[in-house]
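Dear colleague,

Please find below the structure that I am handing over to you. My notes on it follow directly after.

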Amino acid sequence: MFSDPVLITGAGRRVGLHLARRLLQDGARVIAHYRSSGENLETLRAEGAQLVQGDLATVDGSLAVAEAVRAMTPALRAIVHNASAFSPTADDPREAASQFIQFFGIHMQAPWLLNTTLEPLLRASASHPADIVHITDIFAERPHPEFDLYCATKAGLENLSLSLARRLAPRIKVNCIRPGPILFMPSHTPEARAKVLAETPLGREGGPEPVYRALRALLDNDFITGAALPVDGGRHLAR
Ligand SMILES: NC(=O)c1ccc[n+]([C@@H]2O[C@H](COP(=O)([O-])OP(=O)(O)OC[C@H]3O[C@@H](n4cnc5c(N)ncnc54)[C@H](OP(=O)(O)O)[C@@H]3O)[C@@H](O)[C@H]2O)c1
């Protein structure tokens, strides 16, 4: 499908794993980043992915991931920034401050560091244009007060996306996908699930495939940059 690999962060489980596997099924080469080891990694490797491990909450971890990717390939078709942490803001200010630093590291600093250090690999791609895709959240636009730090750092990533889209054009497109209720977390209670679904015009949990379809739509369209595409069953209309 593409001659150069697609790098996906946080590909060890759930949405990132699905994106990596679907790209492989469709014939793309994939470099799958993960943090924690698990049985999904062997599946990914067996299906043809190259794997790179690292903690994207820190500068050193992010730069080490970039270095490992540079050692694997001279060119990248796309970078898909999927890695994320999600939790309500803690009541204790010190604990909340630690969360803030972690969210900033994963959602903003790591994408900025990877995009900056791997830009030459995107420029070397046989595909014109190459792509950066940031997986954000509908909460980036309409924040949830209990998750204010998570939301603010996803909004920060969307703002970085806009700067990058201007700076890297026309060689590299930069877009966001804003998921809504794609896969509930184990921490979502039945009541919380019912409330979310009641707020979702299409009335169901989407599953990860619509995110893959959105990713393909962006990769396959050479005239979209600086966009943020909701994949949320319409939930952004209801809040
Ligand atoms: N699921 C939804 O309904 C939904 C809704 C809105 C937005 N989104 C967005 O869609 C994306 C995927 O969602 P998801 O539900 O699959 O997310 P998830 O289950 O929370 O998975 C996040 C991934 O990020 C990795 N990660 C977390 N902290 C990391 C760190 N410090 N360094 C490196 N990797 C780290 C995790 O690795 P480990 O396995 O090692 O923890 C995991 O692979 C995320 O960007 C999320 O914000 C999802």
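Which side-chain atom lies 3.0 Å from an oxygen atom of the ligand? It is a polar side-chain atom of S84. Please note that this is a predicted model, in which local features need pLDDT of at least 70 and side-chain atom pairs count only at pLDDT 80 or more, while totals for chains, interfaces and linings use all residues. Residues are numbered from 1 along each chain as its sequence is written, and side-chain values use heavy atoms, with hydrogens and water left out.

**Ligand site**

R14, found in helix α1, has a positive phi of about 50° although it is not a glycine. R14 counts as partly exposed because its relative accessibility is 29%, where buried means under 20%, exposed over 50% and partly exposed in between (1.4 Å probe, protein chains only).

**Cavity and pocket**

A search of the whole structure finds one cavity of 30 Å³ or more. On a 1 Å grid over the protein atoms alone, a cavity is a set of points where a 1.4 Å probe fits but cannot get out, whereas a pocket is an open set with protein on both sides within 12 Å along at least five of seven lines; lining residues have an atom within 4 Å of a point. Grid points are joined across faces, edges and corners, and a volume is the space filled by probe spheres set on the points.

The largest cavity has a volume of about 70 Å³. Its lining comprises 13 residues, with T9, H81, A83, I106 and P111 nearest the centre. The largest share, five residues, comes from α4.

The second largest pocket has a volume of about 160 Å³. Its lining has five nonpolar, four polar and two charged residues, including P181, R204 and D232.

**Individual residues**

E158 lies in helix α5 and counts as buried because its relative accessibility is 10%. The side chains of E158 and R178 are joined by a polar contact of 2.7 Å (a pair of N or O atoms within 3.5 Å; within protein, one must be able to donate a hydrogen and the other to accept it, and residues adjacent in sequence count only if both atoms are side-chain atoms).

Two peptide bonds are cis: H128 to P129, with omega near -5°, and A169 to P170, with omega near 5°. P170 lies in the loop between α5 and β6 (172-179).

With kind regards

Note on methods: Nonpolar A, V, L, I, M, F, W, Y, C, P; charged D, E, K, R; others polar. Helix = DSSP H or I, 4+ residues; strand = E, 2+ residues; numbered from the N terminus.
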